[in-house]
Amino acid sequence: MEVYKINGAKRLHGTIKVSGAKNSAVALIPASLLANSPVTIEGLPEILDVWTLKEILEELGAEITFEDGTMTIDPTNVVDMPLPNGNIKKLRASYYLMGALLGKFKKAAIGLPGGCHLGPRPIDQHIKGFEALGANVSNEHGAIYLRADGLVGTKIYLDVVSVGATINIMLAAVLAKGRTIIENAAKEPEIIDVATLLSNMGANIKGAGTNVIRIDGVEELHGTKHTIIPDRIEAGTFMIMAAVAGDGITIDNVIPFHVEALTAKLREMGVKVEEYEEKIFIPKAQNLQAVDVKTLVYPGFPTDLQQPFSVLLTQATGTSVITDTIYSARFKQIDELRRMNANGRVDGRTAIVTGPAKLEAATVRASDLRAGAALILAGLIAEGETEIQDIFHIERGYSSIIDKLRGLGADIRRVEIKEIEVNVE
Ligand SMILES: CC(=O)N[C@H]1[C@@H](OP(=O)(O)OP(=O)(O)OC[C@H]2O[C@@H](n3ccc(=O)[nH]c3=O)[C@H](O)[C@@H]2O)O[C@H](CO)[C@@H](O)[C@@H]1O
Ligand SMILES: C=C(OP(=O)(O)O)C(=O)O
């Protein structure tokens with residue numbers, strides 16, 4: 001079993017570079033299938049989700065090269081093969097293959113997606129969108145079957161603001177006949193990134209980044225070259241790390257505008273945040289004050305940063321309340337932080353954290369991706385050696401995390417340990 005071991009309580013210093021956005025990458029790669037010639041995407045993060053998608057696209061017949069973050073996908077020989085099982089279950093974003101394959105072939109069969117367990121993750125709004133475009137959708141033995149004689153643009157009002165549904169409907173609509181209008185669309189930067197790629201492939205999309213997106217279907221899409229946006233969640237994780245364990249840290253390759261909700265909260269706590277064009281500098285933070293946080297759709301405070309942020313709150317004076325309005329079960333880090341002497345409890349959709357607490361090393365388990373990131377931050381400030389298990393969750397979303405943290409002076413290593421066999425006679 002592979003684990004991370006961290007010898008904590010060392011102040012970190014220097015510059016850390018942010019990779020390309022995971023939540024964009026996992027949509028850009030399926031989007032490339034819609035082209036009729038090669039698509040090159042630069043700056044991709046080297047994370048498990050990207051490698052898994054590469055394998056899935058190869059299963060479908062795509063020819064792919066991936067080196068130094070640049071992936072070239074030649075979709076010329078892709079076929080409409082059903083994908084009910086296997087790699088599909090390893091990530092949530094495999095659901096983007098529904099929109100991409102439906103758009104390209106007017107049919108698809110995709111197993112129900114995986115991803116982090118954060119409470120229910122329904123896809124009813126995706127399905128509502130596909131049906132509105134003319135697809136027949138059925139759930140057969142845990143896989144979604146989509147079939148359409150043709151897709152025709154229409155007006156789709158999303159009942160909940162969903163990043164996944166907004167992108168999936170865009171993917172299905174770019175090759176549909178006529179105009180599709182998505183109302184109450186999500187506004188996340190990753191949606192703009194996907195729309196930019198599709199537009200450069202020849203799609204006609206207006207309004208991405210606002211709550212009304214208009215798509216005029218085109219006959220075909222061609223290859224292009226695209227550079228992915230920086231990962232605002234990875235950047236945010238590093239900003240929180242700088243506040244909790246830093247002695248002056250520069251975060252490089254970040255769009256400060258994308259992390260404004262976090263910047264505002266950090267400042268409210270007493271952290272100084274210096275913003276530059278593509279960099280953020282955070283000097284050593286002192287006298288942190290408790291704050292309340294509520295996660296919201298973009299541009300609100302991201303649900304993905306709530307878990308790492310909870311570690312910072314363990315170091316602030318007073319009681320903080322975190323409310324996650326997006327996911328009902330996204331506080332699994334709190335129990336693990338308690339093992340490390342944090343003072344926190346969960347009550348339904350809220351977590352209450354009181355600080356400051358002197359964190360102590362322990363053996364802990366990453367229950368999901370951002371809980372894992374939270375435990376790394378906790379390990380960096382705790383006295384002693386922390387062991388983090390189930391690190392595959394972390395490696396689904398953070399590129400070269402060990403090397404990046406070691407570059408700041410962190411004592412963190414990835415080691416293989418033997419699993420203890422319990423022999424009951
Ligand atoms: C709005 C929001 O913060 N989205 C986050 C969400 O995206 P993700 O794509 O997972 O989730 P969505 O944005 O699609 O969903 C937002 C909310 O709508 C609900 N929903 C969604 C689709 C649907 O068909 N029906 C439905 O009820 C979800 O349960 C959730 O409560 O998690 C990702 C990974 O953690 C983050 O990167 C996204 O920023
Ligand atoms: C939960 C996340 O990922 P996924 O939606 O892929 O499970 C995340 O990016 O924080």
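The structure is a predicted model, in which local features need pLDDT of at least 70 and side-chain atom pairs count only at pLDDT 80 or more, while totals for chains, interfaces and linings use all residues. Residues are numbered from 1 along each chain as its sequence is written, chains are lettered from A and ligands numbered from 1 in the order in which they are written, and side-chain values use heavy atoms, with hydrogens and water left out.

N341 sits in the loop between α10 (332–339) and β19 (343–347); helices (H or I, at least four residues) and strands (E, at least two) are DSSP runs, numbered from the N terminus. With 39% relative accessibility, N341 counts as partly exposed, because that class lies between buried, under 20% relative accessible area, and exposed, over 50% (1.4 Å probe, protein chains only). The side chain of N341 reaches the backbone oxygen of K358 at 3.0 Å, and this is a polar contact, that is, a pair of N or O atoms within 3.5 Å, for which within protein one must be able to donate a hydrogen and the other to accept it, and residues adjacent in sequence count only if both atoms are side-chain atoms. The C-alpha atoms of N341 and A362 are separated by 9.2 Å, although these residues are 21 residues apart along the chain.

The peptide bond from G355 to P356 is cis, with omega near 0°, and P356 belongs to the loop between β20 (350–355) and β21 (363–365). A cis peptide bond also joins Y298 to P299, with omega near 10°, and P299 lies in the loop between β17 (293–295) and α9 (303–313). N287, which is found in the loop between β16 (279–282) and β17, has a phi near 50°, a positive value in a residue other than glycine, and N287 is exposed, with a relative accessible area of 64%. D390 likewise has a positive phi, near 60°, and is placed in the loop between β22 (385–389) and α12 (392–395).

In soluble globular proteins, nonpolar side chains tend to be buried together. Here the largest nonpolar core has 74 residues, and those with the most contacts inside it are I29, L97, M170, L171, L198 and I205; such a core is a set of buried Ala, Val, Leu, Ile, Met, Phe, Trp, Tyr and Cys residues joined through side-chain atoms within 4.5 Å. Helix α5 (residues 163–173) supplies the largest share of this core, 7 residues. A second, separate core has 73 residues, including I240, A245, I282 and L359.

Which residues of α3 are buried? They are Y96, L97, M98, G99, A100, L101, L102 and G103, so that 8 of the 10 residues of this helix are buried and α3 is mostly covered. What covers these buried residues includes α1 (22–31), α2 (48–59), β6, α4, β8 (143–147) and α5. After α3 comes K106, whose phi is positive, near 65°.

R92 is found in the loop between β5 (70–74) and α3 (96–105), and with a relative accessible area of 12% R92 is buried. P122, by contrast, lies in the loop between β6 (107–111) and α4 (124–132) and counts as exposed at 57% relative accessibility. The UniProt annotation "binding site", from an unreviewed entry, covers R92, R121, P122, I123, D124, Q125, D304 and I326; its positions are given in the numbering used here, feature names are shortened, and annotations may be inferred rather than shown by experiment.

Which residues come nearest to ligand 1? Of the 23 residues around ligand 1, these are Q125, S162, D304, I326 and Y327, where a residue is near a molecule if one of its heavy atoms lies within 4 Å of it. A polar side-chain atom of D304 lies 2.4 Å from an oxygen atom of ligand 1, a backbone N or O atom of I326 lies 2.6 Å from an oxygen atom of ligand 1, and for a backbone N or O atom of G164 the distance to an oxygen atom of ligand 1 is 3.2 Å.

Technical notes. Contact = heavy atoms within 4.5 Å.
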